[in-house]
Amino acid sequence: MRFRLAASAAVIGAILMSSGAYAEDKKQLAFVVNGASDFWKLAEAGVKKAQAELPNYQLSLKYPEQAAAAVQQRLMDDLVSAGVSAIMVSAVDPKSSTEALNRIGGQVPLFTTDSDAPDTNRIAYIGSSNTDAGKQAGQIAVKALPDGAKCIGFVGLPGADNARERIEGMKAALAGSKVELTDVRGDDIDQTRAKRNVEDALAANPDIKCMVGFYSYNTPRIYEVLKESGKLGQITVIGFDEDPITLGGVREGTIAGTVVQQPFEWGYQGMKLMAKYLEGDKSVVPAGKLVIIPTKVIDKSNVDAFEAELKSRING
């Protein structure tokens, strides 16, 4: 009996060792996000679809333990040490991380998404035009507030390119109108702080008529605070991305609209592009090194169709 158990264990061990060796033979591609958020579930679905079409690769989406540049850099260093073949990253703070990102890019092909780092040696950026997305948010505000208003914005990482470009884009769209973005408060992707920022802004500006959530979770926190304070529907809310609370607010009319990106396509197209690049096909990188995946406005007229599409992709 002991002999049979030992023999069985040896067989199982051999199988595990052989499968491990097989996995090691595959090139590994990693998608490193900027922090924990439900926003990235669609990107995970995109990576999953790409994995089905890239059987010779091992794909993964990695979350840093904290939304901090140093933590994200340490994660990428660990991936390089583990033998990853290429990395796509949403840089937490590209301006202060140029040297670290260049170090990673000097060891493996480095791509960016969501928040670009154009001053680094990254191969290409795959994602939205955050400036255009900001302009779309501004257009929502102008349409929803024909008599004008002052707006307060809320964002996770004010130093990240995606935040800065959205804010600048919105201000550009508001120029010449009666709507003004007067303040933007950061929270470092801390949900508790994000909600407190809204509470503090409301307490300090009881007559505020407009709030903008620049990151996916900011709009739900705005929604929660306004509902708790009895001001839901009295303050115009403009959002970004497709959190279920945001879409529910758009459907009921308490949120004027939200500008959505396509993180599913970042995960799917990004992994496919990296694989082709590793295989020697450099034509996948355009001359400008930007692969722009358009954003679109979701309002009450198209929210149901959009949400049905989301569910189909996530359950895909």
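In the predicted model, Lys95 is located in the loop that runs between strand S3 (86-89) and helix H4 (98-105); helices (H or I, at least four residues) and strands (E, at least two) are DSSP runs, numbered from the N terminus. Lys95 has a relative accessible area of 54% and is therefore exposed, where exposed means over 50% relative accessible area, buried under 20% and partly exposed in between (1.4 Å probe, protein chains only). Leaving aside residues up to four places away in sequence, Lys95 touches Asp161 and Arg164, a contact being heavy atoms within 4.5 Å. Between Lys95 and Gly213 the C-alpha to C-alpha distance is 23 Å, with 118 residues separating them in sequence.

This is a predicted model, in which local features need pLDDT of at least 70 and side-chain atom pairs count only at pLDDT 80 or more, while totals for chains, interfaces and linings use all residues. Residues are numbered from 1 along each chain as its sequence is written, and side-chain values use heavy atoms, with hydrogens and water left out.

One disulfide was counted, a disulfide being a pair of cysteine sulfur atoms within 2.5 Å. It is formed by Cys151 and Cys210, whose sulfur atoms are 2.2 Å apart. The pair links distant parts of the chain, with Cys151 in strand S6 (residues 149-155) and Cys210 in strand S8 (residues 210-213), 59 residues apart. The torsion about the S-S bond of Cys151 and Cys210 is about 95°, so the disulfide is right-handed. Both Cys151 and Cys210 are buried.

Helix H10 (residues 263-278) has 16 residues and should span 22 Å at 1.5 Å a residue; its end C-alpha atoms are 22 Å apart, in agreement. The expected span is 1.5 Å times one less than the number of residues in the helix. H10 is mostly covered, with twelve of its 16 residues buried. Among them are the aromatic residues Phe264, Trp266, Tyr268 and Tyr277, together with Pro263, Glu265 and Met271. Gly280, which follows H10, has a positive phi near 100°.

Positive phi values also occur in residues other than glycine, including Asp114, at about 65°, and Lys289, near 60°. Asp114 sits in the loop between strand S4 (110-113) and strand S5 (125-127), and its relative accessible area of 3% makes Asp114 buried. Lys289 belongs to the loop between H10 and strand S11 (290-292). With a relative accessible area of 40%, Lys289 is partly exposed.
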